[in-house]
Amino acid sequence: MFDYSAFSFADKEELYAKAKKFWNPGKVDFWRGEGIDLVIDRREGYYLYDIEGRRLIDLHINGGTFNFGHSHPELVETLKLALDHFDIGNHWFPSAARTAFAEEFLKTAPGMDYCVFGAGGAEAVELAIKSARYATQKRRIVSIIKGYHGHSGLSVATGDDRFSKIFLADRPEEFAQVPYKDLDALEAELKKGDVAAFILETIPATYGFPMPTAEYLQGCASLCRKYDVMYIADEVQTGLMRTGHMWGWQAYGIQPDIFVSAKGISGGIYPISVACMTDRCAAWQKEDGAAHITTAGGSELGCVVGLKVLEMLQRPEIVANVHAVAQFFADGLGEIQAQNSDIFGGIRQKGVILGLEFEHPEGAVYASKALYEHGVWAIFSSLDKRVLQFKPGVVLDAPLCQEILDRFSAAMPTLRKKLASAPKH
Amino acid sequence: MSGSDTTPRMLTPDVAAARAGQMLNTARWAADSFAKMDNETVRMVVKAMSEAGFAKAKDYAEWAVRETGYGRVAHKIMKNEGCSRGIFEKYGDLDFVAPRISHEAKTVELARPAGVVFALTPVTNPVATVYFKALLAVMTRNAIVISPHPGAKEVCADAVRTLAVAAQSAGAPAGLIQVVEEPTIPLIDHFMTSDDVDLIVATGGPAVVKAAYRSGNPAIGVGSGNAPVLVDDTCDLRKAAKYIVDSKGFDNSILCTNESTILAFESVADQLLQQLKNARAHVCKPQEVEALRKLLFTDSGFNVDMIGKDASLIAEAAGFRAPGAEILVAPVELIQPEETLVREKLCPVLAFGRVDDINQGIAAARSVMRKSGKGHSAVIHSTDERRILSYANAVPALRIVVNVGCSLGASGFETHLGPSMTIGTGFAGGSSVGANLKPENFINMARIAYNKSDAEPFGVFEGLARDTVAAPLPAIHTFPSTAPSAPQAGGEMRAELRQLIQEELKAILTA
């Protein structure tokens, strides 16, 4: 009996049956089909507990949402104290919390002038695209093949067909895609003269974190400048110190016109997102400040939490911890990779953003399963299933990192067996 | 803010406690990485720390006196030097890395560092204790977080930074030596009770020591001193007087090993008083003794304003003059704890009592130590081994120093007890250790032990390092190394990735 006082379930089977009936049959079937029998219940730090009590170490962290782990006590206390004074707030009026958060946020992003708030990543991408269109008075948006920027009307059109065509939401006339790391293809699109923005995740997450070079990103930015196209950096997974810098674009020495932050800025406890932009891109707010209205966007509670997230991330000891974690996994996974190079092909890494390549077209799906059986939860990349997203949080401590590595190492023979009997594609 | 209400409209969590937790994480990373280093690196790190500390011995001595108002610069320089280069000279050649092989016992011992040490340092010997604990912790491959007494926090924080920079430049990981810049009771409590602390080393008042033991973490705390000095009729009185005055005057009695009360054989008492005068002691008249008693002991205990002050200043504060005196000698009639002047006095005031013989001397020494000082130090000036042995056997001290000043004798600088700023007071003194703190206190030993039967021969471990098992060879490829679904992920990309990782690592190392 799982009793939550407001609701209860007799057992996991009842929960599955009702989830299938009332919520999402596809998702329920998919994970059970993969052998990932997980209903997340209690959570604490970087641990997740299945409703039946099994503990998992979370390396999925929902793309950085749980950068500080789950229910980080300082963030929870911040939110609880904020609730004594604030609520979502009224989006029409100037607000102390929103103003303070915008000011602090901008201090982390030299070159930017305004914060426009949303409630989630997709909304921030909408805001970015709309702002770029306003600034340039052009309509077309260019993104990369296998890019990913969310699921709302404009954002989904920038991404993979898988997510747009099903809803008849693809808009080929307004949205073009070019291959990643192909500056010529990008220039061919931009030179048409009708492009408002180029949007790119600084390290494409859903594509499995293929690492850009600084030259490529700088090349993109200078092409944008050349054709008066707004460069939108999607920093949802690369921001917030995960590259070892506050924002990924800073790690690569580029200056976007707009960048987007979500997930981790919420501390995993109160949704908020930010489209941070130059004066030029934010100029619509001077013409009509209410041109974009969002009741839950920039909620005051989210602002107070976001402020705390930024303050914590800038503490020297947290920055040092990010470097320690990054170096630990660079060394440790490097060793494991050398010993298991038959199945574990390579490591992509920037800071605590890692993509691990496995030697099978769906190698990461099997790796995810093998790790799951060894008490670690890490998810494959939806758009490149060879690559496992391996995303340690920024306050992981040394003993837990060692435990992760030991569990990872122990999972390698299991993975080898799974791959040996996997259908060859 | 409008109106006169200054209460914040919204509250935020206490940042200090949260940061404390992260300091311990940092320390753990450093400890883990430092524990893997070889003996030569460890030795170079300790040497660099000791040299950096030595170089700043004078600056910090002046700074400490300025900040705390306690002690004497010249003597603090000596302590700072003794606890930096002196400690390295004493222990620097010890190897806590190599396996220790015993063929007789058929064992191999591997030193295992505690891990993360949390150290409290006192206001009285601020920098010397910082040096001492940091060097001992690091030479045994531990990380250390030092929480200085708030009264000496600035000089200690600077001293810790000096050691940390030196250690890092000699190859130690960042974060191996850290300081709590703003120590507060709740913050110290947070550290002491944290599961991420492996060992607490507490020097300070009894409250601090008891708190350390109550914390639930392994702890080494040490109690306070109150050393009696027995002077019999077989010693050289001139030398004894000189030792006593120099020791009692050393840093104005701020070491916990300083002499508390002379117990002079009646037959030599007057001669001893004369010798003390010759050695620049001021022997107080009865009304001066009374004034001192009032000045030094208030209803709430020892007058902390007098800690480590010059003898002449104390005399002035008590209303008499003792210009140029190294110490003040206060003759007392009663040698019992109710005579406050026989208690611990961290200032150059020495009680002086008379005893008829060794038996009475022993009884008097026990009386002196009844209220405080158990497990700590006692002194005897004598050449009669039987008396020395009976005295040592009967007084509740764990170090009984002979024909030497107690300040530097019991603390191991002028004896072979091992130089120490932390004096174990044993079970009697509420401590888990009874000797002067040594590097061995910061490690455990893992022991490989063979079957003692001759049927099972002992292994040959000579020439092997701790971690000698070679990394396994890469497995044989059984799957295609590139997959069709990722056209870009060829060898070139991998090389590029490898380079990026290298660059990232380089950035980390130089950060």
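Is Arg416(A) buried, partly exposed or exposed?

## Arg416(A) and its partner

This is a predicted model, and here Arg416(A) comes out as partly exposed, because its relative accessible area is 25%. Its side chain meets that of Asp342(A) in a salt bridge, 2.7 Å from N to O. The pair ties together distant parts of the chain, 74 residues apart: Arg416(A) sits in helix 15 of chain A, and Asp342(A) in the loop between helix 13 and strand 13. Asp342(A) has 2% relative accessibility, so it counts as buried.

Over all chains, the count of salt bridges comes to 52. One of them joins Lys308(A) to Glu74(A), with the closest N and O atoms 3.3 Å apart. That link spans 234 residues, from helix 12 to helix 3 of chain A. Both Lys308(A) and Glu74(A) are buried.

Glu104(A) and Lys107(A) also pair up, at 2.7 Å from N to O. These two are 3 residues apart in helix 4 of chain A, so about one helical turn separates them. Glu104(A) is partly exposed at 32% relative accessibility, while Lys107(A) is exposed at 55%. Then there's a network of salt bridges linking Lys12(A), Glu13(A), Arg32(A), Asp37(A), Asp50(A) and Glu52(A).

## A nonpolar patch on chain A

Trp92(A), Phe93(A) and Ile293(A) make a nonpolar surface patch of about 370 Å². Phe93(A) lies in the loop between helix 3 and helix 4 of chain A, and it counts as exposed because its relative accessibility is 53%.

## Helix 4 of chain B

Over in chain B, helix 4 covers residues 73-82, and its buried residues include His75(B), Ile77(B) and Gly82(B). Among the elements covering the buried residues are helix 3, helix 5, helix 6 and helix 10 of chain B.

Key:
Residues numbered from 1 in each chain as written. Chains lettered and ligands numbered in written order. Predicted model: local features only at pLDDT ≥ 70, side-chain atom pairs only at ≥ 80, totals over all residues. Heavy atoms only, no water. Buried < 20%, exposed > 50% of the residue type's maximum accessible area, 1.4 Å probe, protein only. Helix = DSSP H or I, 4+ residues; strand = E, 2+ residues; numbered from the N terminus. Contact = heavy atoms within 4.5 Å. Patch = residues over 30% accessible without salt bridge, like charges linked within 9 Å, V, L, I, M, F, W, Y side chains within 5 Å. Areas by Shrake-Rupley, 256 points an atom, 1.4 Å probe, with all protein chains shown as cover. Salt bridge = Lys/Arg side-chain N within 4 Å of Asp/Glu carboxyl O.
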